[in-house]
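Open the model in your viewer and show it as a cartoon. This tour goes from one selection to the next and says what is there.

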Amino acid sequence: MNKVYLKRGKEESLLRFHPWIFSGAIHHLDNNIEEGEVVRVVTEKGDFIAVGHFQQGSIAVRVLTFNDVEIDDDFWTSRLQSALQMRLAIGLANNPQTNAYRLVHGEGDLLPGLIIDVYGDTAVMQAHSIGMHLARHTIASALAKVMKDHISNIYYKSETTLSFMEPENGFLLGETDNNIAIENGLKFYVDWLRGQKTGFFVDQRENRSLLEKYAKDKNVLNMFCYTGGFSFYAMRGGAKSVHSVDSSAKAIELTRRNVELNFPNDPRHEAFCEDAFKYLDKISGYDLIILDPPAFAKHRGALHNALKGYTRLNQKAFEKIEKGGILFTFSCSQVVTKEHFRNAVFTAAALAKRKVRILHQLHQPADHPINIYHPEGEYLKGLVLYVE
């Protein structure tokens with residue numbers, strides 16, 4: 001196994017079990033290390049620290065283990081078994097009312113660079129590092145063994161996350177065209193072929209459930225609706241009307257299909273393919289608004305503009321929402337901290353001159369765990385606000 005040698009003193013974060021090694025911390029490498037290769041990380045003197053996947057870029061090594069072990073079939077099986085046990089412990093992996101959940105959440109499950117979402121009897125696997133991509137067949141074999149009582153199919157979907165490599169999406173195990181999953185008793189189509197992420201945003205499950213409790217007799221606006229998750233929860237909650245808005249025609253089509261799957265021919269729902277800010281400029285009469293935009297900042301260099309974007313978007317919603325209305329507002333940008341997001345929303349409230357109270361502070365669900373040594377894993381932030 002080739003070695004990566006750290007500069008003196010750069011092992012301190014690793015001694016606190018942080019799973020990332022940045023390129024600036026590296027003193028030198030063994031010759032001929034290839035991207036995605038499993039490497040041993042050692043101090044300048046050669047003392048062992050960790051084993052991980054090497055990759056060119058800012059994050060040079062993603063740590064798989066702090067033990068000096070081989071990354072073999074037993075390693076993958078053990079990590080996946082641990083991930084499954086946690087989902088069983090929190091009541092997700094054997095729940096007939098919810099068969100959609102995240103099985104592996106990267107660093108949160110000590111498998112940095114790997115995402116696995118389960119939709120019924122299909123697991124959708126996504127690599128965010130070259131190392132995980134190269135190991136996909138071995139991982140799929142271990143996954144099939146660990147999940148033999150839960151899944152029949154494994155679909156690999158990394159064309160968007162590793163676009164520079166042009167990996168080919170497709171089934172690694174089985175094959176199916178049954179792409180309907182269940183969340184809290186509601187059905188939805190999963191577009192794992194062309195959809196964003198793995199085909200659905202399972203991280204909003206608990207927040208959608210909370211929204212349902214507030215929806216009765218409300219006129220609801222679901223901005224950036226994607227597949228319409230918040231929309232059909234609002235309808236089950238007894239909303240008077242629900243309008244879904246997204247700039248993507250494909251998203252609107254999927255939203256309509258999902259609403260029809262749960263509430264066929266229900267006149268309460270309408271969907272609009274339109275830019276969010278243009279739509280907000282012309283609307284009125286909504287007393288429950290959901291703002292769940294895509295990530296405004298994917299790296300630190302975009303943080304300033306992202307915060308301006310969150311402020312502008314929320315200000316517009318504060319200006320338009322009815323008196324006594326409720327706003328669900330989110331950020332899924334990892335580089336935007338809870339404090340950043342709150343400040344942006346508070347600034348928006350002040351600019352809109354509205355009295356606002358916090359009812360709930362929201363976050364990602366338990367199947368998206370945060371490694372205690374990797375606080376960067378806390379990416380989803382949300383607020384539920386009462387607006388006078």
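**Stop 1: H2 and H4**

H2 passes H4 in a right-handed crossing. The model is predicted. Select residues 73-89 for helix H2 and residues 136-146 for helix H4. Their axes come within 9 Å and cross at roughly 50°.

Now show side chains. On the H2 side, pick Asp73, Trp76, Thr77, Leu80, Gln81 and Leu84. They meet Thr138, Ile139, Ala142, Leu143, Lys145 and Val146 in H4. Colour this contact by class: seven residues are nonpolar, three polar and two charged.

**Stop 2: H5 and H6**

Move to residues 205-214, helix H5, and residues 229-236, helix H6. The two pack at an angle of about 35°, and their axes are 8 Å apart. The crossing of H5 and H6 is right-handed.

From H5, select Arg205, Asn207, Arg208, Ser209, Leu211 and Glu212. What is the make-up of the contact of H5 with H6 by class? Four residues are nonpolar, three are polar and four are charged.

**Stop 3**

**Stop 4: H9 and H10**

Finish with residues 303-320, helix H9, and residues 338-352, helix H10. Their axes lie 8 Å apart, at an angle of about 40°. That makes H9 oblique to H10. H9 passes H10 in a right-handed crossing.

Show the contact residues on each side:

- In H9: Leu303, Leu307, Tyr310, Thr311, Asn314, Gln315, Phe318 and Glu319.
- In H10: His340, Phe341, Ala344, Val345, Thr347, Ala348, Ala349, Leu351 and Ala352.

Colour by class once more. The contact of H9 with H10 has 11 nonpolar residues, five polar and one charged.

Technical notes. Residues numbered from 1 in each chain as written. Predicted model: local features only at pLDDT ≥ 70, side-chain atom pairs only at ≥ 80, totals over all residues. Heavy atoms only, no water. Axes fitted to C-alpha atoms, helices over the stretch in contact; angles between N-to-C directions. Helix = DSSP H or I, 4+ residues; strand = E, 2+ residues; numbered from the N terminus. Parallel < 35°, antiparallel > 145°, perpendicular 65-115°, else oblique. Left-handed = near helix turned anticlockwise from the far one by under 90°. Contact = heavy atoms within 4.5 Å. Nonpolar A, V, L, I, M, F, W, Y, C, P; charged D, E, K, R; others polar.
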